[in-house]
There are 2 protein chains.
Amino acid sequence: MKEVRVDTPGGSYPIRIAPGRLDRLAESVPADATTLVLVTNPTVAALYGKRAEAALRASGKPVLRVELPDGEAYKDWQTLNLIFDAMLAHHCDRRAVIVALGGGVIGDVAGFAAAVYMRGIRFIQVPTTLLAQVDSSVGGKTAVNHPSGKNMIGAFYQPIAVEIDTDVLNTLPAREVSAGLAEVIKYGAILDAAFFAWCEAEAGRLRALEADALAAAIARSCELKAWVVSQDERETGLRAILNFGHTFAHAIEAGVGFGAWLHGEAVGCGMVQAAELSVLAAGLPRGDADRIRALVSAIGCPTYAPDLGTERWFDLMQGDKKTEGGQIRFILLPELGRAVRTPAAAEQVRRALDLTVARQAGEPSAIATLA
Amino acid sequence: MKEVRVDTPGGSYPIRIAPGRLDRLAESVPADATTLVLVTNPTVAALYGKRAEAALRASGKPVLRVELPDGEAYKDWQTLNLIFDAMLAHHCDRRAVIVALGGGVIGDVAGFAAAVYMRGIRFIQVPTTLLAQVDSSVGGKTAVNHPSGKNMIGAFYQPIAVEIDTDVLNTLPAREVSAGLAEVIKYGAILDAAFFAWCEAEAGRLRALEADALAAAIARSCELKAWVVSQDERETGLRAILNFGHTFAHAIEAGVGFGAWLHGEAVGCGMVQAAELSVLAAGLPRGDADRIRALVSAIGCPTYAPDLGTERWFDLMQGDKKTEGGQIRFILLPELGRAVRTPAAAEQVRRALDLTVARQAGEPSAIATLA
C-alpha cells in the first residue's frame with residue numbers, strides 16, 4: 001500500500017492507495033463515531049454500495065446510506081439538503097462521520113455537507129473516479145454550484161482520511177479515464193516536467209488502465225497536490241497554480257451547461273487554451289505548447305473549445321471566482337513544469353480564444369466530437 | 001472606547017465598544033477590500049442603514065446593500081441565497097467584505113454567507129441588539145435553521161472585527177432588551193458569581209438602558225465569552241458551557257415555532273429550567289436556583305415554559321445537536337458561577353419540566369404572558 005500524508009493547518013490525514021481498499025474502510029473509522037453516513041449515487045451504489053456498506057459495518061457502527069441523484073447538474077443546494085434531511089431524520093449527532101463514495105460531485109457535496117452539518121463533522125473520502133482520486137478528494141475543497149457559477153458556495157474542509165482503491169477504475173467509462181488523466185498531466189505541466197515526460201511515455205498504458213502505471217500516476221499526483229496544499233490550504237497564493245486551465249474550463253462548463261462536458265475534459269481543453277495564452281503572455285516556448293496539446297489529445301481529451309462567442313467567453317471567465325478587482329488573472333506557464341499567476345491583456349486572451357475555439361479555428365465542434 | 005480582544009485558532013480580532021461606533025465603521029474596512037456588502041433587514045435599515053452606508057463609503061469602497069426579510073422565521077437557505085444572488089449578480093470576488101448590520105439573525109446568516117461564499121470571505125459584525133452584542137456577534141458561530149432544528153447548518157467562522165455602538169440600544173424594544181439581558185446574566189451564572197451579584201444590584205438600571213451600566217455589562221460579557229471562545233473555538237469542550245439553558249430554550253423555540261419567543265427570552269426561561277435540573281442533578285443549592293429565577297424575572301423574561309407535552313419536550317431536546325450518542329447532556333450548575341456538562345436521568349428531567357412548565361406548574365401560559 002502507498003500512503004501519502006497531507007498536512008494542513010485545517011488537519012493532517014493519510015491518503016491510502018492500493019487495490020482492495022474498499023473492503024478495508026473500517027480501518028479509517030474513528031472509535032468514537034456514532035453513525036456512518038454513506039453518501040453515494042445510484043450508479044456507484046450498484047457497483048460498490050454493498051461492499052462499502054459491509055466494510056463500514058465491520059467497524060461495528062450503524063450505517064445510514066444516502067443516495068444522491070447522479071451528475072454535476074445536481075451539485076446544488078437541493079441535493080445537499082437531501083443529506084441534511086436524512087441525517088436529521090435519523091438524529092445524527094456531531095460524532096456522525098460522513099463517508100463520500102463516488103466521484104468529484106459526491107466528494108464535493110458530501111464534503112460540504114460535513115463542513116456545515118452542525119457546524120462541522122468528520123468525513124472520509126472514498127473516490128471512485130480517477131479525477132476524484134488525483135484531484136478533488138485531496139486538499140479539502142468542497143462546494144456546490146450556484147446558477148451563476150461553479151463551486152461558488154463551499155468551504156475549505158479537510159477529510160480525516162482518503163481511501164483510494166485502484167481496482168474501482170476498471171469499471172470507469174473511457175471518457176472518465178481521459179478526464180482523470182487530464183488532471184494527472186496538469187501536475188506535470190505546472191510542477192514537474194520530468195513527470196510530464198513520463199506521462200508522455202506512458203500515455204497509452206495509462207489509458208489502457210495498466211495497474212502499475214496507474215498506481216504510480218495516482219501516487220505522484222497526490223504527492224504533488226499534497227505538497228501544494230500543505231503550503232497553502234486556503235488558496236491565498238501558491239495553491240492557485242492548481243487552477244491551470246481552469247478559468248477556461250469553468251467557462252466551457254458553464255457555457256455548454258454543467259454536465260455536458262466532464263470537468264476533466266474541460267480542464268484538458270482549458271490547459272491547451274492556457275498553454276496558447278502562455279505562449280502569448282508568459283514566454284512559453286511554442287514547442288512546449290505543442291507538447292501539451294499533443295498529450296491532451298493522446299489521453300483522449302478534446303483540444304478545441306466550444307464556440308460560445310467571444311463576448312460570452314469573457315463574461316463567463318469574469319464570473320469565475322478567480323477574478324479579483326475586475327481583472328482576469330490566469331495561471332500561465334513560463335516553461336513546462338513551472339506556473340505563475342498573472343493577469344493577461346484582453347487582446348492576448350482574444351487571440352488565444354481564436355486559436356483554440358472550434359469554429360474560429362476551423363475545427364469541428366468539440367461538442368460534436370464528444371457526442 | 002473599550003476594546004476586547006478575541007484570539008482563536010480561526011482568527012484574532014477586536015470588539016470595539018463605544019457610543020457612535022456606527023459612524024466610524026470605515027476604521028474596520030481592510031485596505032484591499034473590493035466591495036462592501038452591507039447585509040441588514042428593513043427594520044434596521046430604516047433606523048441605521050443610511051448612517052452605516054455613509055460610514056462605509058467613507059472608506060472609498062463601493063457598497064452593495066442587501067436587505068433580508070426580518071426575523072428568525074427567515075433564517076434559512078432561501079434567505080441565505082438572497083445574499084449569494086446579489087453578490088454574484090454584482091461579480092463580488094473573494095476580497096469582497098460582508099458587513100452584518102442587525103441582530104443575531106442577520107449576524108448568523110450574513111456570517112454563514114461569508115463562511116461559504118467562494119469558500120470563505122471576510123466579514124465584520126455590527127450588532128444592533130443587546131443579545132447580538134453580548135452573544136452571537138462574539139465567537140464565530142454562524143448558521144441557518146433547518147425545518148428539523150435550529151442552527152443545524154452552519155460554520156465556526158470568525159469575523160475580522162466586531163463594532164458595538166451602544167447608542168443603537170435606545171431604539172430597541174423593551175422585550176429585546178430583556179432578551180439580551182438574559183445572556184448577560186448567563187455569563188454570571190456559569191462563570192462569575194460576582195458579576196451575577198452585580199447584575200442583581202443593577203437589574204433596574206440595565207432594563208432602563210442607563211449607559212454606564214450597559215457599557216460595563218456588555219464589556220464584561222464580551223470578555224467572559226471571548227475567554228471561553230479562546231479556550232475552545234470549535235465547541236469540543238469548555239465552550240459548551242455557554243449553552244447553559246439552551247437545550248430547554250431550543251425546545252421552546254422549536255415547540256412554539258421559531259420567532260414566537262425571542263431567543264433570549266427562551267434562554268432566560270431555559271436557565272430557570274436548567275437551574276431546577278441543577279438542584280436535582282448537580283447539587284445546586286435551592287437558594288441559588290431561586291436567585292436565578294428571581295433575576296430572570298427581574299430583567300423581564302418569562303420564568304415558566306410552554307406546555308408542549310412531556311413527550312414532545314423530550315423529542316425536541318433529543319433533536320438538539322447537543323445530544324451525543326442518544327443521551328441528553330445538559331450544562332448544569334453545581335454552584336452559582338461554575339458550570340459542568342453532564343447527562344441527566346430522564347426522571348430528573350421530567351421533574352424539572354413539572355416544576356417549570358406553565359400548566360403543569362399551575363402557572364399562566366408563558367406565551368399568554370408575553371402576548
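Helices (H or I, at least four residues) and strands (E, at least two) are taken here as DSSP runs, numbered from the N terminus. This is a predicted model, in which local features need pLDDT of at least 70 and side-chain atom pairs count only at pLDDT 80 or more, while totals for chains, interfaces and linings use all residues. Residues are numbered from 1 along each chain as its sequence is written, chains are lettered from A and ligands numbered from 1 in the order in which they are written, and side-chain values use heavy atoms, with hydrogens and water left out.

Consider chain B and its sheet. Seven strands of chain B make up an open sheet with mixed pairing, in the order E1-E2-E9-E6-E5-E3-E4; two strands count as paired if DSSP finds at least two bridges between them. Strand E1 (2–8) and strand E4 (63–67) of chain B each have a single partner strand, so they stand at the edges with one side lacking a neighbour in the sheet. From one strand to the next, the twist averages 15°. Strands of a sheet pair through backbone hydrogen bonds, either parallel or antiparallel. Strand E2 (residues 11–18) and strand E9 (residues 161–165) of chain B run parallel and are joined by four bridges. Opposite Ile17(B) stands Ile164(B) in E9(B).

Two helices lie across strands of chain B. Helix H7 (residues 211–231) lies across E1, E2 and E9 of chain B, contact meaning heavy atoms within 4.5 Å. Its direction is at about 15° to E1(B); axes are lines fitted to C-alpha atoms, for helices over the stretch in contact, and angles run from 0 to 180 degrees between N-to-C directions. Helix H2 (residues 77–89) of chain B lies across strand E3 (36–40), E4 and strand E5 (97–102), at about 150° to E4(B).

Now turn to chain A. An automatic or database domain assignment supplies the domain bounds, and chain A is divided into domain 1 (2–171) and domain 2 (182–370). The C-alpha centres of these two domains of chain A lie 26 Å apart. In contact across the boundary are 33 residues of domain 1 and 30 residues of domain 2 of chain A.

Buried area is the accessible area (1.4 Å probe) that two parts lose on being put together, summed over both. Between the two domains of chain A this is about 2600 Å², with carbon and sulfur atoms giving 69%. Val134(A), Lys150(A) and Phe156(A) of domain 1 lose the most area to domain 2 of chain A, together 25% of what that side buries.
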